[in-house]
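A short report follows the display.

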Amino acid sequence: MGCGSSNNRDVTDPDGNVENEDEIFRELYGEKMIYDKRTDTYIPEKDYVPEEGEKAGACKPFTGAIVEPAKHPPHNPSVPDENFELEYVYGYRTYDCRQNLYFTANGKVTYCVASLGVILDPQTNTQRFFASGHSTKSNAKRYHDNDIVCLAISPDRRFAATGQVGARPLMNIWDTETGEFKCKFEVSQKNTRAISCCAWSVDAKYIACVDRSDQYNVYVVDAATGKLIQTDPNKNQQVADIAWSKRAGDYTFATCGAKNIGFRTVGGKLRKGTGHGAQSFAALAYDDKGTCYAGAFTGKIYVFAGSATSKNVAAHKGSVFTMCWSDNKLFTGGADYNIMIFDNSLKQISKIPVGSGPRSLDVNDDTILVGLRNGSICYVSQSQKQISQYLMKSHHDGEIWGLDITEDGDVITTGDDNKVMLWSPKERKNKDTGVINEKAGPKIKYGASSMTNFPDNQCARAVAINPKTGDVALGLNDGQVQIRDVGSLSTVKKTMKAAERWIEAVAYSPNGEYLAVGTHNSTIVVYTTDTYNQKGVLKGNSAAIISLDWSKDSSYIRTVSLSYEYLFYTVSNMKQDTSGASNTKGVEWATQTCKFGWSVQGVFEGDPDFSQVNGVGMSSNEKLIVTGNDYSAVSIFRNPCLNNSKSKKLYGHSEHVVRVKFGLDDQYIFSVGGQDKTLMQWKKC
C-alpha cells in the first residue's frame, strides 16, 4: 500500500509494551489513523482532507495487456450463489484499548476486535459475533462499520456496550449470549472521532461514555433505550478511563486521564479530584463501598474518598494500565508485566508475572481472565500464580499483511510485530510462532509506512510456502528474505538480501524450484531453491512490485506494480516478454493475485481509483474470485469478473483488507485486515 519513509520508532520492548510517558499517552489515546496513498504516510483522521478530484481517475498502463485467455468459464455477472459466514477470528484489540475483556453470565468470554464483538466459548473453542455479516449490493445491516475501541459488560454480565471510531461515533448495546442487538446511542455532534471508553452503572440503568473530540464530552445514556440523559464536556482534558461506583444506589462515576481525575453524578456537576499532585491516571476501579481507586502513570494507586485523595501506595514499576475490583480484592496490571492483588486495605496479597503488559482483567473465583499487550488472552490462576491456559494468541502491533496456506491447509501470517504465525483452521488455534529477528536493527531509508513499534528488520509483509519442500520464505521490510521450515518457524535456514527497500510480494513456483521476490526497488529477484542462490533479476517495472503470479508450468511470471504496470516475464531467459499478454493467452496460471487482467476487470466495481483493491485470490476450481479492499470488505465474484459483475460482500474487518485466499478445497476464505491485525476465517455454508 505504498513505499516511502518509515514511521518506525526505537523499540524498547519485544511485546510493544511501553514505560515512558510519551508512549503511555500513545497507548491510551491512540486515535484513528488514515493511510494517505498520495504521501505514503499515516495521518490522524481529524487532519485528513481528501484531495479534490482524488478519485477522478488513475493512469491505466495495464490496459494494453488485457487480453482474453483462450480458455475461461462463461461470463455470468450475477451475484455468486455460494455463501460464506464468519467462523472464527484470530485477534484481540489491545494496542490502544484496555479493560475490554470479560466473563459473561454463562461462562463464556467476550471482547472486541476489528468491527466485531466476539463471544468465545472456551469449552468448544467456537465463536459467535456481534456486528458481522454478508450482503449483496442492497447491504445487510452493519451495527459497527469501523474499529471498536471500547467494550464494557453489564453488572449481570448479560449485555455488552461497544463504542467505535467515526466522525459521529456510536455505541451499541447487545446480548452477550446471542449477539443480538438491543439498542444504540449515536453522538449527534460531528468530528467527535470515537467513543473511547464506556461503563455501566451498578444497577445497569445507565451507561456513561466519553468521546474523543477536543472537548472530551462525557455522556450518560439510558441503557434500555440508548436515549441521551446528559452530556458534559471534560474541560478539554483527555480521558483514559471511566468507572461507576459499585455501591448500591450510588450514581457516582469517575473519569481520569492526563493530569486529571473528576467525579460526576447523574444530574450533577463535575467535581475535580484533589490531593493527587496533578498525577496522570490510566485506570479506575470502584469497590462496593463507593471508594474509588485510580492507577497512575507512576505505578502508584491513589484512593479517593469522595473527590479527595485519602492515601496512595506503590504498586508497579511503570504505569498501571488496568484495574478491577472483585471478591473484596483489588487487581491491577502494569507496565512491569505483573498482576498485583491487594486486600481492601491495599496490603499486597500476591504478585503474578505474566510476561507481557496486562491490558484487561476480570475475575471468576480463582481464575483471572487477562488480556495482554502481546495480543494474547489467557487464564491466570491466583493459587498457582501463573498462566494456566491461553485462549487466544494473535498479532498485536503495526499491520498484518503476509498470508499463505500450506499443503495441509494450515494458514501462515506475518506482520509488523516481529512474528510469523502458523494457524490450524480445523482446530482454530495458533500452532506455532516464530520471532522474525531477535535483535532490533536500524531504520532504513525506504521502509514500509507503519504505526508499529518495531524496526524494519523485525517486520515482514510477505510470506510464501514451497509446495514441494515446506520451506517458508519471509519478505522483510528491510529488503531481506528469510527461509524457514513450516515445521519449525523459529529456525532461520538462510537469509538473502534482495533489495534496499521493503518486500511486498513473494511466491514459489508450482514445481518448487524457484522463489520470486517482488521488491519495492521495482525488481523481481528469482532464486533457485536448491541453494537459494540468485538465478537472476527481472527488470522493466518503473515502480514497486505489489503482486506476482507464476504460470502452472513455472515458465512465466506476471507482475503488477504500484504504477499499475502489468508485465510478463519468461523464466528460462530471465527477460521481460513485451508481447506477454498475447503470448500467454493459452497459459494457465497457478494463482490470481494480480488485480489486473482480463478475468478480474470488474473487481473495482466502477471505482476509478484502482488502488482501492489490495488483494485478489481465485478458488482452486476457478469458479470464484475474492478481493479485499480499502472499505474493509471481502468481496466474492464469479469468474470471470468483468465490468458488470456483481459481488457478495463479507463484513467483519475494520481496516483495509490487504490479502485474501481460498483454502481447504475452497471451503474457506481467509483474509487479513492490515491495521486491524486480524486473520478472519470464513466458512462456506
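The text below covers conventions, backbone geometry, cysteines and a sheet.

This is a predicted model, in which local features need pLDDT of at least 70, side-chain atom pairs count only at pLDDT 80 or more, and totals for chains, interfaces and linings use all residues. Residues are numbered from 1 along each chain as its sequence is written, and side-chain values use heavy atoms, with hydrogens and water left out.

**Backbone geometry**

A cis peptide bond, with omega near 0°, runs from asparagine 639 to proline 640. Proline 640 sits in the loop between β51 (633-638) and β52 (648-651). Strands here are DSSP runs of E with at least two residues, numbered from the N terminus.

Two further loop residues have a positive phi without being glycine. For asparagine 125, phi is near 55°, and the residue belongs to the loop between β6 (116-121) and β7 (126-130). For tyrosine 216, phi is near 50°; the loop that holds tyrosine 216 runs between β14 (206-211) and β15 (218-222).

The table gives relative accessible area, where buried means under 20%, exposed over 50% and partly exposed in between, with a 1.4 Å probe and protein chains only.

| Residue | Relative accessible area | Class |
|---|---|---|
| Asparagine 125 | 18% | buried |
| Tyrosine 216 | 12% | buried |
| Cysteine 197 | 6% | buried |
| Cysteine 685 | 55% | exposed |

Asparagine 125 counts as buried because its relative accessibility is 18%, under the 20% limit.

**Cysteines**

The structure contains zero disulfides, a disulfide being a pair of cysteine sulfur atoms within 2.5 Å. Cysteine 197 is in no disulfide, and the nearest cysteine sulfur, that of cysteine 150, is 6.6 Å away. Cysteine 197 is buried at 6%, whereas cysteine 685 is exposed at 55%.

**An antiparallel sheet**

In general, strands of a sheet pair through backbone hydrogen bonds, either parallel or antiparallel.

Strands count as paired if DSSP finds at least two bridges between them. How many bridges join β41 and β42? The antiparallel pairing of β41 with strand β42 (residues 514-519) extends over five bridges. Alanine 507 stands opposite alanine 516 in β42.

How values were computed:
Helices (H or I, at least four residues) and strands (E, at least two) are DSSP runs, numbered from the N terminus.
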